[in-house]
Amino acid sequence: MAKQRKLILKTIIIFSFILLIYCSVKYFLPVCKQFNTELAQAEISEFVEHAGIFAPLLFILLMALQIVIAFLPGGPLEITAGMLFGGLFGTIFTVMGTILGTLAVYGLVKKFGKPLVHFFISEEKMKKFSILEDEERLAFWVFVLFLIPGIPKDLLTYIVPLTKMSGKQFLLLSALARFPALVVSVLIGSNLIQGKYWLCIVIACIATVIAIFGFCMKNKILNKKENK
């Protein structure tokens with residue numbers, strides 16, 4: 001029964017988040033059917049400017065919420081940031097949302113502990129990150145795990161606060177390690193809305209190669225503890 005309630009609650013959360021995303025996109029992208037035209041770019045820019053501070057604030061909140069609800073993907077939001085705000089400001093707002101969400105998760109885990117973490121991550125999955133038990137190299141492993149593609153960063157965000165790492169150190173390391181992947185996604189969105197499809201393909205191909213390498217490294221690193 002507990003598993004069924006957890007599944008129902010997760011389904012409700014996912015549906016609510018998708019609905020929120022839909023409403024936001026409908027509000028911010030009324031010209032999406034003219035997606036790659038100069039008119040669309042001009043209208044999107046005008047629309048975001050007209051929305052004022054509400055546009056970035058809503059996006060930052062959505063980005064933070066995506067991290068708090070750990071089983072939701074962040075890639076689509078990061079690409080949307082590039083489409084709405086461009087490469088520079090899209091990156092800035094994405095990083096701000098990531099930092100806010102990480103802070104929220106850190107505080108929640110410190111307050112509620114393992115029961116909250118187990119809502120998102122089973123004990124079995126947590127054992128895969130036993131490498132974080134290495135307190136002497138904890139900072140190194142946290143940075144590496146957040147840097148490598150293929151590792152569920154938002155789930156990891158719930159695990160690290162259970163260690164002895166301070167909030168400031170965790171925030172700094174995770175933000176720095178997440179930054180390259182965030183920039184790549186934002187740049188894809190920024191170039192996509194400008195119709196620079198070949199550049200998007202090149203960026204995506206490079207990211208795919210890195211992701212494949214990261215996937216191989218992930219298995220090697222996570223199995224490190226078991227092989228000892």
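In which hand of crossing, left-handed or right-handed, does H7 pass H9? The crossing of H7 with H9 is right-handed; a crossing is left-handed if the near helix is turned anticlockwise from the far one by less than a right angle, and right-handed if clockwise. The model is a predicted one, in which local features need pLDDT of at least 70 and side-chain atom pairs count only at pLDDT 80 or more, while totals for chains, interfaces and linings use all residues. Residues are numbered from 1 along each chain as its sequence is written, and side-chain values use heavy atoms, with hydrogens and water left out.

The protein has 10 helices and zero strands, where helices (H or I, at least four residues) and strands (E, at least two) are DSSP runs numbered from the N terminus. Of the contacts (heavy atoms within 4.5 Å) with a separation of 6 or more, 75% are between residues 24 or more positions apart.

Two packed helices are described by the angle between their axes and the distance between the axes. For H7 and H9 the angle is about 30° and the axes are 8 Å apart; axes are lines fitted to C-alpha atoms, for helices over the stretch in contact, and angles run from 0 to 180 degrees between N-to-C directions. Among the residues making the contact are Val142 and Phe146 of H7 and Phe170 and Leu173 of H9.

The largest nonpolar core has 31 residues, and Ile121, Leu132, Val142, Leu156, Tyr158 and Val160 have the most contacts inside it. Such a core is a set of buried Ala, Val, Leu, Ile, Met, Phe, Trp, Tyr and Cys residues joined through side-chain atoms within 4.5 Å. H7 gives the largest share of this core, six residues. Leaving aside residues up to four places away in sequence, Val160 touches Leu132, Val142, Phe146, Met165 and Phe170. A second, separate core of 12 residues includes Ala55, Leu58, Met63 and Leu77.

Val105 lies in helix H4 and counts as buried because its relative accessibility is 0%. Its contacts, again not counting residues up to four places away in sequence, are Ile67, Val68, Thr157 and Tyr158. Val105 and Tyr158 are 53 residues apart along the chain, yet their C-alpha atoms are separated by 6.4 Å.

Methods
Buried means under 20% relative accessible area, exposed over 50%, partly exposed in between (1.4 Å probe, protein chains only).
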